[in-house]
Amino acid sequence: MEVDPEEITLTFVCMRYPRKLLGHLKKARGMKVSRQGDGIYYLEGDALAMQLLVTRELSERDNYWLQHLRGNLKEGRELQDLMERYERHRHSKWYQAAMDLIVRANWDRMKEEKEMCEALRELFADELQESKEQGEETKLISWICAKLKKDKPISAIIEDFGELGEPEEKVSLICETARRFAPDYDVDEIYAALAERGRRGTGEKQVNEPSGCVSGK
């Protein structure tokens, strides 16, 4: 009871009205469905408040982003309008989350138009580059942690990765930071700790050479 059940609402989003499912809930659970507006339905009769959003019925004017949470967006003007709207709010984490879902659901359709694909790459250039760099660094951290778990000396780890072209200072800093998270060696936590160290500007050799484990930007 840390959270009052009366303060919780479960929201289900679907493209079409789930007639069979709602019929089952009415028969088996005694629940009722009441329409509250275009595409908005309340499911009554359960301990938790529930609502159903049918995207194809939602008003585009009042629920633009919810209405576009579907996998059948049309090529051309609809997708272009979506990206233009996102561009104005691209720094908001809420818009980023919504756009990420929409892009994943419609990626094949977006790729069909060459110009649209180029526009998407330009729109998400910063996000894609950051994601790529983080992926590369977390992979390196994971490899180093695997060696630390086997109690391999740091000097040997530095030598191993030096042969792969990784700077000694970078590998050493990752090792020192990772040891604070033993024995679990959570890669995400280690990456976050390295990033925070870079942001603080300690004056030490940053771990982002050459590929950017800590941006320091």
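Helix 8, which spans residues 168-179, has twelve residues and reaches 17 Å from its first C-alpha to its last, close to the 16 Å expected at 1.5 Å a residue; the expected span is 1.5 Å times one less than the number of residues. Helices (H or I, at least four residues) and strands (E, at least two) are DSSP runs, numbered from the N terminus. The model is a predicted one, in which local features need pLDDT of at least 70 and side-chain atom pairs count only at pLDDT 80 or more, whereas totals for chains, interfaces and linings use all residues. Residues are numbered from 1 along each chain as its sequence is written, and side-chain values use heavy atoms, with hydrogens and water left out.

The buried residues of helix 8 include Lys170, Val171, Leu173, Ile174 and Cys175, where buried means under 20% relative accessible area, exposed over 50%, and partly exposed in between (1.4 Å probe, protein chains only). Val171 is also among the residues with the most contacts inside the largest nonpolar core, which has 20 residues. Helix 6 (125-149), helix 7 (154-162), helix 8 and helix 9 (187-200) each supply at least two residues of this core. Such a core is a set of buried Ala, Val, Leu, Ile, Met, Phe, Trp, Tyr and Cys residues joined through side-chain atoms within 4.5 Å.

Cys175 counts as buried because its relative accessibility is 0%. The sulfur of Cys175 is 8.3 Å from the closest cysteine sulfur, in Cys145, which is too far for a bond. The structure holds zero disulfides, a disulfide being a pair of cysteine sulfur atoms within 2.5 Å.

Side chains of opposite charge can pair when their charged atoms come close. The structure holds ten salt bridges, each defined as a side-chain nitrogen of Lys or Arg within 4 Å of a carboxyl oxygen of Asp or Glu. One of them joins Glu137 and Lys170, whose closest N and O atoms are 3.4 Å apart. Because Glu137 lies in helix 6 and Lys170 in helix 8, the pair ties together parts that are 33 residues apart in sequence.

Another salt bridge is formed by Asp46 and Arg29, with the closest N and O atoms 2.5 Å apart. Asp46 lies in the loop between strand 3 and strand 4 (49-54), and Arg29 in helix 1 (residues 19-29), so this pair ties together parts that are 17 residues apart in sequence. Asp46 counts as partly exposed, at 25% relative accessibility.
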